[in-house]
Amino acid sequence: MDSEKPRFYAFRGYYRFLVLFFNCLLTFGSYFCFDMPSVLQESFTGKYGKNCTIKTNNVTVCKEHLGLSDTEYNLLYTVYAWTNVFVVIGAGVLIDKFGQRVGALLFSTLCVIGSMTFAAGYFFKGKDAMFALFLLGRLIFGAGNGSLTIAQSKISAFWFEGKELAFAFGCTLSVSRLGSVFNFLFTESFAMKWGLNWTLWGGSFLCVIGWFSAIIIFILDRSGQRQLNREQTMKVATRKMQLGDIRNLNIQFWLLAVTTMFFYNTLFPFIANASKFVHEKYGYKDQNSAIITGSVYDISLILTPLLGLTVDYIGYRGIMASACAVLTIPVFSILAFTQWNPLIGTLLLGATYSAAATSLCPSVPLVVNPIFLGTAMGLMTSMQMIGNGSCNLVVGSILDSYKKNPHKWKFVMLFLFANALACVLLSVILNIIDFRRNGVLNKTSKRKKKKKAYLSNDKKGLIANEVHNGASNDDAECEKSCSA
């Protein structure tokens, strides 16, 4: 079998872009499902039953409501986030130990199971079991999707290291967010025509597409590593996770992680409640409110790959991180204190999101040794989920506590504004620390080669140390299990 001539050659440029294509599809459906409650917020939170209204053309329109409170609705996002707080750290270790392709297949399976469990909750509408299944589904889905993005990032890092890394990260995010765009454009109208039940199951079907992509990635990644003679190297580098590994993560990584957490504290809690916010403050219809909310992803869909190419060419990731943090401040100022068209705020937020996506997460491989990359991404995602889950709870509590207060949305925007300020402060500290050390985050492409050589030597030293220590039976068993 090994002597057979491969149909695709891994050393050719097209091979890594073939991997990238399926890597992009990996999270298309899961991102669609993640944002579905945002579009259907009125259906989830309205008074239980069917509410019918007569339009001006004498057409009766009925909308189904499931009767959740604002706190219960935001809990759907909180349980997703807080599940990831613990799961993604273990997922990162698992990916480092057994490989990114195994992680992609395992966690895409959890996404399918979680989305189906969530959809099954509809069959128990009006009963306590409905909300319990909703929470269980989001818990399983969260355990899969948060970890799946780590496997996706490591696949991109492996195949595009020293090449179009930020572009690859930008493409995976853009296609993932294309799922979110489709959700904001079509879910509301689909639910009006086919009902809430079929809408939820439609999201599950899209997750199945990601599962098939994971199977193809598994085949391509295994074949490619064998052709490049990288499979044995990866097995030797793979070792038992030790708590001491966390000490190998430098201050630049921790500042990146905290800066990323505060940026996404402003983004995802806003998007989770934005459709209702636009509907109540500006008076737009539900469908138009969803489209305006989705414009955050529309603009990022276009800008993220372009900014990724720019960052790959000129560098200066740290400066871009600070710029996107600063530009987030006027977003929530506009939404809190003015009656300007909300599209101004959402489009600007989409632009800052694009800048963050190509400057923050793609910087992790530059400051972390490849051996620890999965673990580092897991820690980073865990911290992000702690922030997102807490912020969703705070937003839900504000909306429930000030339900009849006309300024309730201003209070929410001010809370998100405070997170943006914290992000600015931390990004500035990140740049100062980076400048005083090796300045890797703001180096141009040519200067980054020195850092790449340093990491490569560091990696060889760690691998050599593992081989030396591998005389013990425990390490021998570890390598044997990894080869299986």
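# Working through the helices, bridges and rings

Serine 275 is buried, since its relative accessible area is 7%, and buried means under 20%, exposed over 50% and partly exposed in between (1.4 Å probe, protein chains only). The model is a predicted one, so local features need pLDDT of at least 70 and side-chain atom pairs count only at pLDDT 80 or more, while totals for chains, interfaces and linings use all residues. Residues are numbered from 1 along each chain as its sequence is written, and side-chain values use heavy atoms, with hydrogens and water left out.

**Exercise 1. Find where serine 275 sits and what it touches.**

Step 1: look up the helix. Serine 275 belongs to helix H11, residues 251–282. Helices (H or I, at least four residues) and strands (E, at least two) are DSSP runs, numbered from the N terminus.

Step 2: list the partners. Skip the neighbours within four places in sequence, and serine 275 is in contact with Ser38, Val39, Phe184, Ser289, Ala290 and Thr293. Contact here means heavy atoms within 4.5 Å.

Step 3: zoom out to the whole protein. There are 19 helices and two strands, and buried residues make up 55% of the 484 residues. Of the contacts with a separation of 6 or more, 82% come from residues 24 or more positions apart.

**Exercise 2. Work out which residues join aspartate 70 in a network of salt bridges.**

Step 1: start from aspartate 70. Its bridge goes to lysine 276, and the closest N and O atoms are 2.8 Å apart. Aspartate 70 is in helix H5 (residues 70–98) and lysine 276 in helix H11, so to speak a link between distant parts of the chain, 206 residues apart. Aspartate 70 and lysine 276 are both buried.

Step 2: bring in another bridge. Lysine 403 meets aspartate 400 at 3.5 Å, N to O. Lysine 403 is partly exposed because its relative accessibility is 45%, and aspartate 400 is partly exposed at 23%.

Step 3: Asp70, Lys276, Asp400 and Lys403 are linked in a network of salt bridges.

**Exercise 3. Describe how H8 packs on H9, and how H5 packs on H16.**

Step 1: get the H8 and H9 geometry. Their axes come within 7 Å and cross at roughly 135°, with helix H9 covering residues 196–227. That makes H8 oblique to H9. Axes are lines fitted to C-alpha atoms, for helices over the stretch in contact, and angles run from 0 to 180 degrees between N-to-C directions. Under 35 degrees counts as roughly parallel, over 145 as roughly antiparallel, 65 to 115 as roughly perpendicular, and the rest as oblique.

Step 2: see who meets whom. Thr187, Phe190, Ala191 and Trp194 of H8 meet Leu196, Trp198 and Thr199 of H9. Sorted by class, this contact has five nonpolar, two polar and no charged residues. Ala, Val, Leu, Ile, Met, Phe, Trp, Tyr, Cys and Pro count as nonpolar, Asp, Glu, Lys and Arg as charged, and the others, Gly among them, as polar.

Step 3: repeat for H5 and helix H16 (residues 373–401). Their axes are 7 Å apart at an angle of about 170°, and H5 and H16 are therefore roughly antiparallel. Their contact has 17 nonpolar, 16 polar and three charged residues.

**Exercise 4. Classify the ring pair of tyrosine 15 and tryptophan 159.**

Step 1: recall the rule. Rings of Phe, Tyr and Trp (its six-membered ring) pair if their centres lie within 6.5 Å; planes under 30 degrees apart are stacked, over 60 edge-to-face, and the rest tilted.

Step 2: Among the 28 aromatic pairs, tyrosine 15 and tryptophan 159 are tilted, at 5.5 Å centre to centre and 40° between the planes.

How values were computed. A salt bridge is a side-chain nitrogen of Lys or Arg within 4 Å of a carboxyl oxygen of Asp or Glu.
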